[in-house]
Amino acid sequence: MTQFFYQSKNDKKESAKVGTMDFFGTISSVSNETKKYYQENDWTSAIQNSFQEWFDEQSLFNNKGELKILISKIAMHMKEDFRKDLFVQIDELLSEENFTEDDNLISVDSFAGFLMFFGLVPKIKTPSLTVTHEGNIATSWLDETVRLHVEFLPNRLFRTAVSRRDLGEKELLGHQGSIKSLETFLVRNQLHKVYANE
Amino acid sequence: MNTYKRPPIIEAAIEIRFSDQLSEKEVDKLAKQLKPLYPLETPEIGLEVMLHMSSGVTQSLNKETKLGYKLQKDNFEELLLIHIGKVAVLRQAPYPNWDTFLESFKTVWSALYKTSGFRKISRIGLRYINRIDVPISDNTDLINISDFLTIGIDCPEKLHLDGYQASMLINSYSGNIGVSIRTATVASPLANHASILLDQDLFVEVDLPQKSDGIIEKLNEMRVIKNDIFESTITDKSRALFNREIV
């Protein structure tokens, strides 16, 4: 038997309900008043939802912490504004309000790859960050004509797509390789101005 | 005292250990008092596992003990550990400056006095973990450690080390202040860089000041020694790296 404590999240004035439930979700050992409450409300789902909410909040909190601490490890090489912009974007991507069941936590391995790239190109412009279905961090930079999209894959790999905005987002170039070769690839294709300050 | 454009400090910590442990209630009270400053709270749980073996039957008993709390600021830059046996303030990079860091400790220490009163201490610790990030070209991943540090290990030239770590202990470096220094190669978080760790851990375990003023004075003294040791263990090449403009 497992004892649960449940407080209705939607109605703070609702008194706390205490009861016991076996592993199959059958309620026993509760007062008649409480039993009536559970009969009128979906007790099992309420617990599951409550646990899920707690689990999601905790996971988002942990993920934010992991990423911000990773950034702090190289903070001495960054301009303060750049670091703050990254923090704001992480907070947005992992905010409880915006996070839906279709969203993914951000892979720490992938994010570390993005920060490694910063080591190659310290003059990098602040990118727009998004998260892929696999939980990889993806960065985008735009200029008047070009959209440069780089997804940082685990194991220090990247996948990039370059499209022309003035040609209806027509993809011009795609490439996959190791992060150490990313800058060489971008410079060779004259994309330097899109993602780096002069 | 040198100040650098890119200080290599990745973590700084002030830790005070108690002779008499705090009660669980005092730990809770202190955590509650400091929560407005450090809103992100994680309980720290210790797990004791006991294995009983008799007649070929193994039984395991697990006991969870609440050690205290890890509290963090919203931005995860500063962390506070409140345990039954110690309090510690930890600062991640970017390191602000000594006065700001010490002020954080003073706030915590004053809250401890308000919630628990006088507490006899058994150790004062001041730790700075530095990482020297050395840019390397695509063609070579070899660096000469002695170009960046004046301490480390000596080995024949023909040996190209893949990594090393060394630690040194000086129990009485200056008066009652002891120092432990650790240096090692670490995986660099930046592409095309090699990184060297320089970890300074200063401690006082004898003739400890017990009053707040005395503890702060001792921390200030330890900080001067920490800076002196740091400057004597790095080379001008390292200083040049720390003084590069941030672009």
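How many residues does the contact take from chain A, and how many from chain B? In this predicted model, the contact draws 24 residues from chain A and 18 residues from chain B. On the chain A side, helix 2 (43-72) and helix 4 (108-120) of chain A each contribute at least two of the residues that touch chain B, and helix 4 of chain A gives the largest share, namely seven residues. Sorted by class, the side of chain A that touches chain B consists of 15 nonpolar, four polar and five charged residues.

**Chain A: overall make-up and confidence**

Chain A has six helices and eight strands, and, read from the N terminus, its elements follow the order β-β-β-α-α-α-α-β-β-β-β-β-α-α. Of its 198 residues, 24% count as buried, and among the contacts in chain A that join residues at least 6 apart in sequence, 45% are between residues at least 24 apart.

The mean pLDDT of chain A is 78, with 71% of its residues at 70 or more. Confidence in chain A is lowest in strand 1 (residues 2-6), where the mean is 33, and highest in strand 4, where it is 95. Over residues 1-30 of chain A the pLDDT stays under 50, and for this stretch the model has 33 contacts beyond four places in sequence.

**Strand pairing in chain A**

| Strand pair | Bridges | Residues opposite each other |
|---|---|---|
| Strand 4 (residues 128-131) and strand 5 (residues 137-142) of chain A | Four bridges | A:Thr130 and A:Ala138 |

Strand 4 and strand 5 of chain A make a hairpin with five residues between them, and A:Gly135, which lies in the turn, has a positive phi of about 85°. Strand 6 and strand 7 of chain A likewise belong to a hairpin, here with three residues between the strands, and in this hairpin A:Asn155 takes a positive phi near 65°.

**A residue in helix 6 of chain A**

A:Lys193 lies in helix 6 (residues 192-195) of chain A. Is A:Lys193 buried or exposed? A:Lys193 is exposed, because 12 other C-beta atoms lie within 10 Å, and a residue counts as exposed at 12 or fewer. A:Lys193 and A:Ile124 are 69 residues apart in sequence, while their C-alpha atoms are 9.6 Å apart in space.

**The sheet of chain B**

In chain B, nine strands form an open sheet with antiparallel pairing, in the order 2-3-4-5-1-6-9-8-7. Strand 2 (40-54) and strand 7 (165-174) of chain B stand at the edges, and each has a single partner strand, so one side of each is left without a neighbour in the sheet. On average, and with direction ignored, neighbouring strands of this sheet are turned by 20° against each other. Within the sheet, strand 8 (residues 177-186) and strand 9 (residues 193-204) of chain B pair in the antiparallel sense over 10 bridges, and B:Ala184 has B:Leu197 in strand 9 of chain B as its bridge partner.

Note on methods:
Residues are numbered from 1 along each chain as its sequence is written. Chains are lettered from A and ligands numbered from 1 in the order in which they are written. This is a predicted model: local features need pLDDT of at least 70, side-chain atom pairs count only at pLDDT 80 or more; totals for chains, interfaces and linings use all residues. Two residues are in contact if their C-beta atoms, placed from the backbone, lie within 7 Å. Ala, Val, Leu, Ile, Met, Phe, Trp, Tyr, Cys and Pro count as nonpolar, Asp, Glu, Lys and Arg as charged, and the others, Gly among them, as polar. A residue is buried if 20 or more other C-beta atoms lie within 10 Å of its own, exposed if 12 or fewer, and partly exposed in between; C-beta atoms are placed from the backbone. Two strands pair if DSSP finds at least two bridges between them. pLDDT is the predictor's confidence in each residue, from 0 to 100. Axes are lines fitted to C-alpha atoms, for helices over the stretch in contact, and angles run from 0 to 180 degrees between N-to-C directions.
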